[in-house]
2 protein chains.
Amino acid sequence: MKKVINNPNYVVEEMINGLIKAYPEYLKRVDNYNVIVRKSAPNKKVALVSGGGSGHEPAHAGYVGYGMLDAAVLGEVFTSPTPDQIYEAIKAVDAGDGVLLIIKNYTGDVMNFEITKEMAEMEGIKVESVIVNDDVAVENSLYTAGRRGIAGTVFVHKIAGAMAEEGASLEEVKRVAQKVINNVRSMGMALTPCTVPAAGKPNFTLQEDEMEIGMGIHGEPGTHREKIKPADEIVEHMLNKIFDDMPLSENDDVAVMVNGLSGTPLMELYIVNNKVNDVLKSKGVNVYRTYVGEYMTSLEMAGFSISILKLDEELKRLLDAKANTVAFKVL
Amino acid sequence: MKKVINNPNYVVEEMINGLIKAYPEYLKRVDNYNVIVRKSAPNKKVALVSGGGSGHEPAHAGYVGYGMLDAAVLGEVFTSPTPDQIYEAIKAVDAGDGVLLIIKNYTGDVMNFEITKEMAEMEGIKVESVIVNDDVAVENSLYTAGRRGIAGTVFVHKIAGAMAEEGASLEEVKRVAQKVINNVRSMGMALTPCTVPAAGKPNFTLQEDEMEIGMGIHGEPGTHREKIKPADEIVEHMLNKIFDDMPLSENDDVAVMVNGLSGTPLMELYIVNNKVNDVLKSKGVNVYRTYVGEYMTSLEMAGFSISILKLDEELKRLLDAKANTVAFKVL
């Protein structure tokens with residue numbers, strides 16, 4: 001795979017520099033760490049920290065800012081950030097009201113964030129954590145015990161971030177984050193592999209007429225491979241997997257995210273959404289908000305995921321609250 | 001190239017439906033036409049209409065909304081919209097204060113928009129037009145006499161749209177649109193071709209170690225092909241081409257857009273911006289705002305463009321004015 005890079009070993013460093021230079025009005029870096037925090041000093045409020053391996057941009061640094069995260073910790077490509085990095089993020093943003101860690105369910109992430117939580121607690125910082133495991137495709141996977149955390153995580157950032165911005169307590173922010181996790185389900189598929197720059201070769205192969213259903217955001221295996229089908233059939237299959245796990249009833253309200261993994265053009269994501277919306281409407285489900293775009297990517301992989309979040313009045317209010325980050329804005 | 005579609009002949013129709021279903025709070029379709037207008041009725045203000053072939057999403061429908069466009073006209077993939085479609089857009093949004101057409105410089109677009117302008121004028125609608133030709137790579141091209149219009153067009157939408165929203169006259173809105181055009185320069189490159197769905201095969205070929213410099217957003221030939229170089233060298237070459245055409249002086253203020261053509265991940269666009277920013281700073285140029293993302297794409301093509309807009313106080317004010325569209329928001 002062709003890449004516009006300089007040195008595969010410095011992609012994260014150069015990406016962070018390019019990001020900060022692009023958006024100095026939003027973001028700053030904690031010196032000597034791969035930690036990105038809000039430009040303005042933390043308010044008196046609960047602080048939200050997320051992170052994970054790089055290669056999923058705009059996740060998570062693109063969600064640092066008003067109404068969402070306070071800090072993002074960036075690991076190497078597809079590699080969990082280390083506890084010393086996470087610890088710096090917590091220290092940088094704690095304003096005395098406590099810190100919520102939003103962790104995607106990968107074994108390395110969970111281990112390193114949880115170790116750091118204990119370190120911070122020993123220093124007297126109140127820390128809570130939630131683990132996002134929205135991917136219904138497979139139980140247990142290459143890097144995961146249980147289900148993987150994928151694009152549904154962005155809903156956790158948005159909604160818990162809005163709650164924190166309202167001045168809620170750490171317990172309340174954690175409660176609403178967990179409510180999102182309990183009510184969000186996702187499923188992905190891939191048309192092409194991706195190449196970790198330092199590895200230099202694709203992490204798997206697919207034939208020219210083949211797709212993989214249930215693929216993870218690091219190229220972890222999905223449920224099966226088959227010949228590429230029409231978009232509508234792919235969508236129906238994926239939604240059925242989601243509905244098997246989280247049944248929806250008539251008059252339920254949902255938010256939809258059709259997330260591009262990076263190599264798939266917006267045109268195709270809109271075609272996917274056309275069917276997602278039809279299927280939901282045919283079940284009498286009310287689509288309250290839809291987000292189509294690249295929210296959690298996999299380097300240059302072609303493919304997409306669908307996330308469905310079941311909403312109540314509290315979640316609707318927080319989803320629509322003002323947000324001002326590089327990658328997610330609500331006026 | 002693998003695609004998530006149903007029928008190659010209906011991609012534009014299904015895309016429009018998927019877009020409107022995603023964002024009913026922003027957009028509606030003019031019945032029976034490939035014309036997308038703002039959800040809310042047009043205010044008393046100058047109306048802005050743009051459009052062109054599909055395959056460049058989020059351009060242009062993603063820029064319909066408060067502070068930017070009033071209507072976007074969508075042609076078939078890489079094909080100019082027809083005069084009857086453009087005419088419907090003009091009629092749908094004219095509120096009596098006149099309409100500005102923002103046209104990218106492709107022969108078909110210019111012809112069809114200019115024909116329609118005459119039709120509308122005969123019906124008593126005041127219509128003015130501007131032609132965007134920001135691409136410095138080549139003079140004359142596959143579909144163009146003169147220079148091509150590419151991602152710099154988004155700056156025209158943003159700034160002219162803000163001027164119209166302030167209540168300025170058609171002449172004033174046209175003046176500021178032309179000021180943007182006079183002060184914006186872009187250049188692109190590609191790593192891979194793209195495939196028009198109905199054609200079913202790539203529109204050109206590049207070797208696995210090759211890139212094309214100066215490539216257009218429909219795969220039109222650029223200045224030359226060469227082996228892929230490090231990102232920093234590519235950026236220096238492209239910026240030098242821009243500076244040759246639009247010299248910058250110490251203390252000039254600029255806006256930068258690093259635009260992904262679709263297949264290139266955000267990580268690489270940030271790495272590109274890291275160098276763009278360094279080169280501009282080394283010349284003493286002040287980077288006032290930077291936008292990194294996918295603003296004008298080419299189906300699934302991998303590659304990017306750099307746009308540089310020289311700013312004065314008026315352009316800065318309008319660039320920062322509130323905007324609320326699907327693909328471009330300023331709080």
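How many salt bridges does the rule count over all chains?

1. Salt bridges overall. The count comes to 51 salt bridges over all chains, where a salt bridge is a side-chain nitrogen of Lys or Arg within 4 Å of a carboxyl oxygen of Asp or Glu. One of them joins B:R29 to B:E13, with the closest N and O atoms 2.9 Å apart. B:R29 lies in strand 1 (residues 27-29) of chain B and B:E13 in helix 1 (residues 11-22) of chain B, so this pair ties together parts that are 16 residues apart in sequence. Helices (H or I, at least four residues) and strands (E, at least two) are DSSP runs, numbered from the N terminus.

2. Basis of the values. This is a predicted model, in which local features need pLDDT of at least 70 and side-chain atom pairs count only at pLDDT 80 or more, while totals for chains, interfaces and linings use all residues. Residues are numbered from 1 along each chain as its sequence is written, chains are lettered from A in the order in which they are written, and side-chain values use heavy atoms, with hydrogens and water left out.

3. Relation of the two chains. Chain A is superposed on chain B by a rotation of 180° with 0.0 Å of shift along its axis, at an RMSD of 0.0 Å; that is the relation of a two-fold axis. The superposition is by least squares on the C-alpha atoms of residues with pLDDT of at least 70 in both copies. A:G263 is the residue of chain A that comes closest to the rotation axis, at 2.2 Å (C-alpha). The same surface serves both copies, as 100% of the contact residues of chain A recur in chain B.

4. Extent of the chain interface. Contact (heavy atoms within 4.5 Å) links 63 residues of chain A with 63 residues of chain B. The area buried between the two chains is about 5100 Å², of which carbon and sulfur atoms give 61%; buried area is the accessible area (1.4 Å probe) that two parts lose on being put together, summed over both. A:K2, A:V4 and A:M267 supply 18% of the area that chain A buries against chain B, more than any other three residues.

5. The side chains of A:D278 and B:K21 meet in a salt bridge at 2.7 Å, N to O. Among the elements giving two or more residues to the side of chain A that touches chain B are helix 1 (11-22) and helix 7 (266-282) of chain A. Helix 7 of chain A provides the largest share of that side, 11 residues.

6. Domains within chain A. Which domains does the assignment give for chain A? It gives domain 1 (8-183) and domain 2 (184-323), with bounds from an automatic or database domain assignment. Their C-alpha centres lie 22 Å apart. In contact are 46 residues of domain 1 of chain A and 47 residues of domain 2 of chain A. The area buried between these domains is about 3700 Å², with carbon and sulfur atoms giving 66%. A:F78, A:F155 and A:N183 supply 18% of the area that domain 1 of chain A buries against domain 2 of chain A, more than any other three residues.

7. Salt bridges between the domains. Across the interface of domain 1 and domain 2 of chain A the rule finds 5 salt bridges. A:D245 forms a salt bridge with A:R147, the closest N and O atoms being 2.6 Å apart.
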